[in-house]
Structure formats: C-alpha cells, structure tokens
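Subject: Structure handover

Hi,

Here is the structure I promised to pass on. Please have it open while you read the notes below.

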Amino acid sequence: MHPQSSPAHPEIAIHLQDGTTRTLVLDGRRVTLGRSSDNELSYPDDPVLSRHHLALELHDGLWFAVDLGSKNGTVINGQRLNGRQHLRPGDRLVAGRVTIILQDPLNTADQTLVFVDEDLDSDGSSSFSARLDDVVSSTESGLDVALASSAITAAGQVQALLDAGRELAEHRPLPELFRVILRLATEAVGAQRGVLMTLEEGELIIRANLGEGFRISNAVRDKVLNERTSLLVQDARSDALLKSSMTIVQQKVRSLIAAPLQTSDQVIGLLYVDSPNIVRPFTSDDLNMLTVMANIAAIRIEHARLIEVEQAERMMAKELEQAAEIQRNLLPKGQPAVSGLDVAGHSIPCRMVGGDYFDYVTLPGGKFGVIVADVAGKGLPAAMLMSSMQARVQILSEDTEDLAEFVTRLNRGIAANCPGNRFITFFMVVFDPATGNFSYCNAGHNPPFLIRASGQVERLLDGGPVLGILRTMNYTAATGRLENGDVLAMFSDGVTEARNDADEEYDEGPFLEELIAHRQQPAKTMVIDVHDALERFLGSAPANDDITLVVVRRHAA
C-alpha cells in the first residue's frame, strides 16, 4: 500500500455554486484562482472573481492564503482576507462563487471524498466483479433487456428496477436526478452510504452523496472506470483485496459495491455504495442489479443533459435575438442633419450580434463627431464590450471638447475593465460644419480614405495604439480640411478582408476603386452602391467579419 498524504501535503475541497465538488492536493506549488485561464483554478464564467483573485502559497512549511488585490475581495472564516493569512485545517475561503476548505489529512471526518493509492489484487477471497454485457447477456442495455435476463431473478430486485425505471422516466433537473438515482441505488441494495460522481474532462466530480468521509481506493476507481467493471467486496476486513487498508479500518467499511455509470459507448461516472455495518453483506445479485441500475441511470443522465443543452440553446437564441435588437437600437437611425455635410453609414454583423460600431455625436461648441470602431472578436462578448464603449462615448461627449483628451479618457475607462484578450480599434473625427475643418484621432483602426473631389487620395493615420491595452497612453490628434466635393470614407476591416468562394481577399484596391468611382454621389447612395459591389464580390460566401462603412461628403451649405 502506498503512503497516504502527509501533513506537508494537505488537501483542499473546492465547492462550486452548482453543487459540484473536487479535491486538490497542495503539493508545494503555488496555486492561484481567478477568471483568467492561466490560473490553476480557473473559473472564467464567475463574474465576481477577478482575473487573478487568490493565491495559496507555501512558506517555511506552512500554507498561506493571499488575496491578489481582487476587486470584490476574499472572505476567510466570515472575515475579509487582508494581506497574507496562515491556513489551518477547517479554514473556509470564499472567493466569488467558489468555496475552498482546507482539509486535515489526519482527520477526514469532514471530507466527502478522497481517493487513496492502494494495490488491488485480483485474487480477493470475497470479491466479485461483473460487466454489463454479461449481466444483460446482450450488447444492448436498458430496463427491458435487464428484466428479460436470467441474471435479475429475485422479485424484489425486479420491483426495484421497475421502480427505478418509473421514477427515472420523469423529467427532473440534473441536480435532483443525481439525488434520486443515489437514493434508488442505496435503497435497492440496502446500503447505508453512497456517492454518485460524473466524469468531467477526466476528473470525477461529486454530484450526490449520502453520508460523508468516503475514501475510495484508486485501484477500485480505475478498475471500474477503465475496465467498465462493477466490483463487489462482501467483507472488506477479511478480503485479501483490502484487509490491510487503514482506510477501510478507519471507516469501518465492511461491504461495498462500485459500478460504472455506463451508456452504450462510454463511461460517464461512477456509483459507489457501502455499509460500515455488516447486517447483510452485499450479494452477487446486488452487484448485478446495481450494474444494470447504473446503466439505466447513465442513459437517463445523458438524456437529461441533452434536454438541458437544448433548453440552453433555445434560451441563448432568444437572448441573442433580444441582444441584436438592442444593438440595432444603439446604432444611428437615418442620416444626421448637419449643415454642409452629407453623412450616411451602414453596419452588418456577420453573426446575430457583432462588435463593429459607428455613431454620430454632438460635441460642445457646435462640433459634429463621427466614430467608427471595431471590438476584437465576434458575437455576444464583442457586442457587450461595444455597448459599454458606446455608453462611455455618450458621457464624454457631454463635457469633452478636445479630441485628444476625449480619446485618452475613453481609453483609460476601457482599459480598466477590458478583458486581457480584448481590445478596440477606434477612429474619431470632429468637424466644424461651418468651415469644413476637422480634427481626428486614429487608435489602431484601418486608416480612412480622404478622397478629394479631384480623385486624389489621402490616409488619416495619426493617433495612437488600439484602446484597452495601455491604460496610461496619451493620444494625439491631427487636423485637416474637407472641401466641397471631398469625401471621407471610414470602414472596418470586415470590408477589406472579406473573402469570396475562391478564398480571394477583397483588399483595399478594389474597395478604393469603388469609392473613387462613386465619390460624386450622395453619401447614402454611395454607401449602398459600394456595399452592393462587395456583395457581388462575395457571391455565395458568407461574411467572416462584421462589415461597417460610413461616408461623410461635404457640399455647399
């Protein structure tokens, strides 16, 4: 038997809000927790957690908890964690929706499940094993086959399976279903304790338990999961398999059964029951019945999971429809009325919602601003970040006249809340409608085309890097002038990087040719005609990115 964890290597029990639990051995490495994927304990969907929220560190043989400057803080034993605090067995840490309890390796009374290394000899005197195919005498699985099999014969067992089939036929949420399966299993074989676990990305997660303090052999677990074999030990104290195990002695386990939660093609978990008291040892009939019951339960679990996935997808589709409507309402409706300027814009998301953004703003001093931006990524996350930026733009437009200051403040606010894998390309131009003079700032966006009435082309490049990366960046603005007949065309990279069925890129060349050819048209007509040319180029190929085009044309007031 291999040695169990020593006090220098304690374990932590990690409890999530959905009821799942896992254990982790603290083997001396620093363990961090947070939303970011580079944490050992990463929970990206927990909005309360910071990207790097909490660390567990070993110093001079003692473990400490350290809050990493998290926004919402960490609680230890009901008090806010400040600085570094020594951890003792039983200490409870709460960070976001995650609860961590430091286990005492010498006292497992408060543990739900720990696996321990033990050798498993195949010649145990009171151990039996069974495989599902042998029990039901068929490659199929299910209640009807089980009842037709000679392996399930006792009237009580048949009734137990009928009861299980009836109860499991009802639709239940997964947490409730796990509890019902475990109750049926323990009642069917007269077990005093039990635990049901499912495999999630190769790790067993507790879904329901009756009793606590389980310490299950790694060898038992591996035999059940890897060999798809149910295992019965009638009397662990006299069995050659486990009689030398201190784990069994400490728990006073006498009889146990472990069965795989097995569908027709995979093992999705494990069902374990035992009895500390040997009022009635488990029998081979109990083993057969629990093997079949675990199969029925596995099929029902998978069916319930599919139902939940379908429901989640329907809900997501409905939410995306609502998000798309909200996003459409955030974009300008119609053309703004600005003396001397003809303005039109159009944006099409490649998915239901997108990360492209354009807007018109009125600034102090009678100035008129146009914005085009592109959030890195696609879909709902990009749309949410775009919505957040739009709100900041509206607030800044009320009291900020200087363009460089406007973009600098906007970047500072975005960088403070932008996820590490996101950024925003941004272009803003501010016109004095009376003179045609303008100032602009380009934050890593595709440089717009300034097309003179003569057909000459200029690019607007000045500004700085993308928004959301460098919080302390100070942006600069440049100036220019729009004469009568001049056109400023702003666009997202979804236009120039569009690809057709032949995998050819539209590129800036053909796009610019269309702009020059239509430069004398009204802004709205120009946007429509240029977009039609892009659609002809795409043919039947779907757009692989959001497409946005905004045109400003100066004319005599």
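Of the 557 residues in the chain, 50% are buried (under 20% relative accessible area, with exposed meaning over 50% and partly exposed in between; 1.4 Å probe, protein chains only). This is a predicted model, where local features need pLDDT of at least 70, side-chain atom pairs count only at pLDDT 80 or more, and totals for chains, interfaces and linings use all residues. Residues are numbered from 1 along each chain as its sequence is written, and side-chain values use heavy atoms, with hydrogens and water left out.

The chain has 12 helices and 30 strands (DSSP runs numbered from the N terminus: H or I of at least four residues for helices, E of at least two for strands).

Now to the strands. Five of them form an open sheet with mixed pairing, in the order β4-β3-β5-β6-β9 (two strands pair if DSSP finds at least two bridges between them). β4 (41-42) and β9 (84-86) each have a single partner strand, so one side of each is left without a neighbour in the sheet. Inside this sheet, β3 (residues 31-34) runs antiparallel to β5 (residues 54-59) over three bridges, and leucine 33 sits opposite leucine 54 in β5.

β17 (residues 229-233) is mostly covered, with five of its five residues buried. Thr229, Leu231 and Val233 point one way, while Ser230 and Leu232 point the other. In a regular strand, side chains alternate between the two faces of the sheet. β17 pairs antiparallel with β18 (residues 255-262) over three bridges, which puts leucine 232 opposite isoleucine 257.

Which residue does the side chain of threonine 74 touch in a polar contact? The partner is the side chain of histidine 53, at 3.3 Å (a pair of N or O atoms within 3.5 Å; within protein, one must be able to donate a hydrogen and the other to accept it, and residues adjacent in sequence count only if both atoms are side-chain atoms). Threonine 74 lies in the loop between β6 (62-67) and β7 (75-76) and is buried, because its relative accessibility is 0%.

By contrast, leucine 470 is partly exposed, at 44% relative accessible area. Leucine 470 is in the loop between β27 (463-464) and β28 (478-481).

Best wishes
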